[in-house]
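Visitor: I would like to go through a structure with you. Could you put it on the screen, please?
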Amino acid sequence: EGTRLVFTLRHGLAGQLALGKFRLSLTTDDRLLFADGLASRGDIVANWIPLQPLTATSAAAGTLMTINADGTILVSGANPTTNTYTVTVITPVTGITGFRIEALEDSSLPSNGPGRSPNGNAVLTDFSVQAAPATLPHLLDAPFSGLVQAAMQNVNASAYVRLPFSV
């Protein structure tokens, strides 16, 4: 059981202003603890749970996205003027009330980042999240999932598959 989350981060302003290093987190805390930063003068006291991505891809050819052991994502390679990142996560957490993107510095980035522009700036123009129940087809690659489904169609049987992954 769990939730499959697909995050889409769009960097639409011309000028190579994409994030260079970032982390995604979620919370189940009451929105009063984090959703009104103006009233609390930015004092965000929610408990954030860092997410460990399964995949991270870029729409731009040649842009590499490395998922680090701590769940951070470091972007390298081609740096087009605009880009879209897609990050997939499976989490056992339910009752999610909010998400956070942390823009992080890294010595491999221009001016230590967190962006990929020459001065280290980044501009995120769109952020969306799609949520769905986590199911077996999401954990298998498409060709293998199709083979298992075809083999099981119209057959009263069980299939056991051992998949190495961590949540």
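Guide: In this predicted model, the side chain of asparagine 83 reaches the backbone nitrogen of alanine 60 at 3.4 Å. A polar contact is a pair of N or O atoms within 3.5 Å; within protein, one must be able to donate a hydrogen and the other to accept it, and residues adjacent in sequence count only if both atoms are side-chain atoms.

Visitor: Which side chain makes a polar contact with the side chain of asparagine 83?
Guide: That is serine 58, at 2.9 Å.

Visitor: Is asparagine 83 buried or exposed?
Guide: Asparagine 83 is buried, because its relative accessibility is 5% and buried means under 20% relative accessible area with a 1.4 Å probe, protein chains only.

Visitor: And what is asparagine 83 in contact with?
Guide: Contact means heavy atoms within 4.5 Å. Leaving aside neighbours within four places in sequence, the list for asparagine 83 includes Leu9, Arg10, His11 and Thr63.

Visitor: Which strand is asparagine 83 found in?
Guide: Asparagine 83 belongs to strand β7, residues 83-91. Strands are DSSP runs (E, at least two residues) and helices are runs of H or I, at least four residues, numbered from the N terminus.

Visitor: Turning to the whole protein, how many helices and strands are there?
Guide: There are two helices and nine strands, in the order β-β-β-β-β-β-β-β-β-α-α along the sequence.

Visitor: How many residues does the protein have, and what share counts as buried?
Guide: The protein has 167 residues, and 33% of them count as buried.

Visitor: Which conventions apply?
Guide: Residues are numbered from 1 along each chain as its sequence is written, and side-chain values use heavy atoms, without hydrogens and water. Local features need pLDDT of at least 70 and side-chain atom pairs 80 or more, while totals for chains, interfaces and linings use all residues.

Methods:
Buried means under 20% relative accessible area, exposed over 50%, partly exposed in between (1.4 Å probe, protein chains only).
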